[in-house]
Amino acid sequence: MLPPSSRLKRASKSHWKALLEILPTSSHQVRTTHQECSKKQKNDDTQSTSADASSSNDGSEEKNEFDTLANAKILLSDCLACDSCMTLEEGARVFQQNQKEFFRILNLNKKCDTSKHKVLAVSLCPQSLPYFAAKFNFSVNEAAKRLCGFLKSLGVHYVFDTTIAADFSILESQREFVQRYQRRNQEEHALPMFASACPGWIRYAERVLTNLVTSHICTAKSPQQIMGSLVKGYFARQQNLSPDKIFHVVVAPCYDKKLEALREDFYTALYNSPEVDCVLTSGEIVQIMEQKNVSMKDVTEVAIDTLFDDLKEGDVVRHDGKRSDGYLEHIFKHAAKELFGVDVKEITYRALKNKDFQEVTLEKDGETVLRFAAAYGFRNIQNMVLKLKKGKFLYHFVEVLACPGGCLNGKGQAQTEDGKPDRALLAQMEEVYTAIPVRLPETNLQVQRMYQDWLEGMDSKKVQDTLHTTYSAVSQSTSSLDIKW
Ligand code: SF4
């Protein structure tokens, strides 16, 4: 596989060159090169798009509309870094999140000047682990421990699993959904609720769809950013460290997470410290292994750390939901119980247009009382948005993910040399992922303890400040740069 950073370099060499030539000396002096959003133009101009043979339309209602949209051949990840909406400042800061920056910190820690030393913490996304397991032919537990061993051999102090942060994110999303459902008759924008964990979708919603959807987005932070709060907040306090003394790296399946780490609301101004300092994709970690000439087979297994003193993680666990963090399934079961007193054991999906657009319903007394959908990939998101615009929206909740197939198919892992998904590897990764045992977030005693001891109860202001954020329409009148990856 061509390392992702090489692809990035190849695809955007001229853009980065342009960036370096015109970068302002101060990050606030940004030259304006704004253009209209090209994706918005394409979306508005749906009549002019051509046919896409890969569409798996099943021929049900809105065929023409759906066909036309499916033909746009736009991926959200294209949208994320198209030629219009990334500012020079963002471009520069995303570019800094690379292996070089990681090694800069590792090297600083080797120097005599201890005032510049940082505690290096790396958090692993659960959707990255199946990639390492399938690629190197290990069980997911072995892969996690070998990855931990490798990172520690480089000089990383702590390696965490972000599943605990996803626990918080799911619990907060569940509660918010029930509250929104109860307010649905008084508050116009209470429903539908859209999931907030995918930064590709969030970027598109804020920059292109704007007010149509932003008030519908769940305010719970994504697992990545909650992990940032746990590491720079809870863990820093436990270790008696100020947040800026920790350099926090997240290993993630996509590049979109690099942009998410830059959001202003994920930054502690007091300490001049972002919750996440650097995101490296799984592919970039493999590239580091290749550069160091290290094989996963030769690395010693080391148990993953937890945020709690010397306690180590046990076996890897996951959430419900075969291709995502499981927001749809957890929220559905929770809402069925809380709102209608129904215990849902198994979720039955009904495929709509294709396998990436499915719905789940709950019937009670002959009436459909809950209607949820999973919409993955740009064409399904577009179809969903069209329905919303037309006022024909039947869903109470939609789990929206930018990548077709979900996060395992993130563009930072399992890609072939020509930048296409490696289908054989992806099939293995899905097998690995579904075999991981499920743990309900409600059963995590550490999470319950942190709600009481650190977050001052479930309904506290600290919960709002730490685990939630806001989404709003972003004007595209800022500067931009022609960047593609
Ligand atoms: S769906 Fe894709 S872009 Fe969104 S978080 Fe997952 S991997 Fe990243």
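This is a predicted model: local features need pLDDT of at least 70, side-chain atom pairs count only at pLDDT 80 or more; totals for chains, interfaces and linings use all residues.
**Stop one: the ligand**

You'll find Cys198, Pro199, Gly200, Pro253, Cys254 and Asp256, together with Leu401, Ala402, Cys403, Gly406, Cys407 and Gly410. Colour this shell by class and you get eight nonpolar residues, three polar and one charged.

Now colour by domain: domain 1 is 72–164 + 223–292, and domain 2 is 167–221 + 319–467. Where does the ligand lie relative to these two? Both domains give residues to the shell, so the ligand lies between them.

**Stop two: H9 and H14**

Next, select residues 163–182 for helix H9 and residues 327–340 for helix H14. Their axes come within 9 Å and cross at roughly 45°, and the two helices are therefore oblique to each other. The crossing is right-handed.

From H9 come Ile170, Ser173, Gln174, Phe177, Val178 and Tyr181, and across from them in H14 are Tyr327, His330, Ile331, His334, Ala335, Glu338 and Leu339. That contact has eight nonpolar residues, four polar and one charged.

**Stop three: H7 and H8**

Finally, pick residues 129–136, which form helix H7, and residues 140–154, which form helix H8. Here the axes are 8 Å apart and the packing angle is about 105°, which makes H7 roughly perpendicular to H8.

Which residues of H7 meet H8? Look for Leu129, Pro130, Phe132, Ala133 and Phe136, which meet Val140, Ala143, Ala144 and Leu147 in H8. This contact has nine nonpolar residues, no polar and no charged ones.

Methods
Residues are numbered from 1 along each chain as its sequence is written. A residue is near a molecule or strand if its C-beta atom, placed from the backbone, lies within 6 Å of it. Ala, Val, Leu, Ile, Met, Phe, Trp, Tyr, Cys and Pro count as nonpolar, Asp, Glu, Lys and Arg as charged, and the others, Gly among them, as polar. Domain bounds come from an automatic or database domain assignment. Axes are lines fitted to C-alpha atoms, for helices over the stretch in contact, and angles run from 0 to 180 degrees between N-to-C directions. Helices (H or I, at least four residues) and strands (E, at least two) are DSSP runs, numbered from the N terminus. Angles under 35 degrees count as roughly parallel, over 145 as roughly antiparallel, 65 to 115 as roughly perpendicular and the rest as oblique. A crossing is left-handed if the near helix is turned anticlockwise from the far one by less than a right angle, and right-handed if clockwise. Two residues are in contact if their C-beta atoms, placed from the backbone, lie within 7 Å.
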